[in-house]
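Have the sequence and the model side by side while you read.

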Amino acid sequence: MDRAKSAKLLLSALLCCLMLSGCWDRQEIEDQTSVAALAVDKHEQGIQVTIQVPIAIKIIGSGGGGGGEGGQDAVQLYTASGQDLTDAFKNMQKQLNRELSLDHMRLVVISEAFARDGIEDITDALGRLHNVRRRLWPMVVEGEAAKALEADPKLEQIPAVYMIDMIDNEVKRDRMPGYTMGRFLSKLSDEAEQPLLNLFKVTDKTINWTGIALFRDEHMVGKLNEEDSWALLQIREGEKGFRVSSPCPNGGVEEVTFEPRDAKRTVTFVEQPFGFKVHVELEGIIVEETCEGDLSNTGTRKAIERELKQIYEERARRTIRELQRKKTDVTKLGTHIRAFYPAVWGQIDWQDRFPTTDIKVTYDIRILGTGAKFK
């Protein structure tokens with residue numbers, strides 16, 4: 001056998017050995033402190049970090065029998081501060097008996113005060129770590145972010161899982177924007193669309209969604225309440241939103257409550273004069289009414305549809321005004337120009353043009369059902 005062939009065989013053998021060697025840099029899970037959620041607040045040193053760590057021995061299925069524990073009894077909170085996120089993690093590690101691991105982290109909670117000052121430190125540090133999930137949920141809370149990790153809901157064994165499931169389920173129902181860390185990071189470099197995050201308020205026992213935090217680059221510049229946030233979801237993606245109450249056609253203090261079940265959005269761009277027409281079609285059912293009229297009557301239903309149309313269109317106008325006042329486009333309209341009108345896109349600076357763009361939003365409402373009621 002000549003030398004060249006021998007060298008090839010030896011190289012092939014070495015490659016096979018490398019492939020069969022396993023994970024040379026693996027770290028056993030028992031040697032890690034796995035973080036379920038991370039909270040970030042302002043601190044006089046720069047940043048304060050709080051982590052929520054599940055206590056394995058107190059969780060159902062961890063072995064040893066018994067029913068396990070839940071809520072704050074099943075987790076441990078650790079807090080550290082530093083000049084930046086990396087420095088805070090270094091100080092956090094001094095409190096732990098195992099290596100700090102972010103591999104399983106699915107929630108990052110940011111205080112509103114920190115978000116308004118800018119979250120460049122968080123996005124840069126977490127964006128560089130290969131083991132941080134891009135599908136984790138970042139969120140903004142009114143008040144202290146650490147309070148969110150202290151909340152004690154009883155519906156899940158680990159409090160962070162309760163918050164994660166809340167976001168997962170509401171996103172699936174089209175009642176909350178699905179903004180992951182990966183999506184937020186990608187929008188930071190997108191000239192056609194600014195990022196946003198879900199906004200929450202913390203109570204002693206649980207945490208409530210209150211709307212959307214608006215960003216310009218990495219700085220929070222404003223927020224939308226629940227009603228205006230649902231209007232934004234309908235404008236930007238044709239999502240359903242949640243229930244709306246309307247006055248009865250015959251007046252009075254009574255109301256009728258409409259729940260959207262299907263939504264469709266149509267966008268029309270007009271170059272001269274420069275502007276957009278956004279049309280939203282909503283179909284849904286009446287889930288509650290205290291009116292004196294007969295909902296089986298076509299005229300009554302049409303009158304309710306007109307009332308709902310006015311309510312939805314007023315919310316849309318209010319939402320667009322706020323976005324243009326804050327100079328932050330989260331409507332996806334800039335993305336529409338870039339995708340379908342590249343020649344126009346190349347001639348404009350959308351961030352400068354958006355605040356003065358004429359945007360008209362109209363609605364069509366269709367009531368499909370009035371519910372089942374025995375007489």
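Is E314 buried, partly exposed or exposed? At 31% relative accessibility, E314 counts as partly exposed; buried means under 20% relative accessible area, exposed over 50%, and partly exposed in between (1.4 Å probe, protein chains only). This is a predicted model, in which local features need pLDDT of at least 70 and side-chain atom pairs count only at pLDDT 80 or more, while totals for chains, interfaces and linings use all residues. Residues are numbered from 1 along each chain as its sequence is written, and side-chain values use heavy atoms, with hydrogens and water left out.

E314 forms a salt bridge with R317, and their closest N and O atoms are 3.1 Å apart. A salt bridge is a side-chain nitrogen of Lys or Arg within 4 Å of a carboxyl oxygen of Asp or Glu. Because E314 and R317 are three residues apart in helix α9 (residues 298-326), about one helical turn separates them. Helices (H or I, at least four residues) and strands (E, at least two) are DSSP runs, numbered from the N terminus.

R366 forms a salt bridge with E283, at 3.3 Å between the closest N and O atoms. This pair links distant parts of the chain, with R366 in strand β14 and E283 in strand β13, 83 residues apart.

E193 also forms a salt bridge, with K187. E193 is buried at 1% relative accessible area, and K187 is buried at 15%.

Strand β11 (residues 244-247) holds S246, which is buried with a relative accessible area of 0%. Leaving aside neighbours within four places in sequence, S246 is in contact (heavy atoms within 4.5 Å) with residues including E254, E307 and I311.
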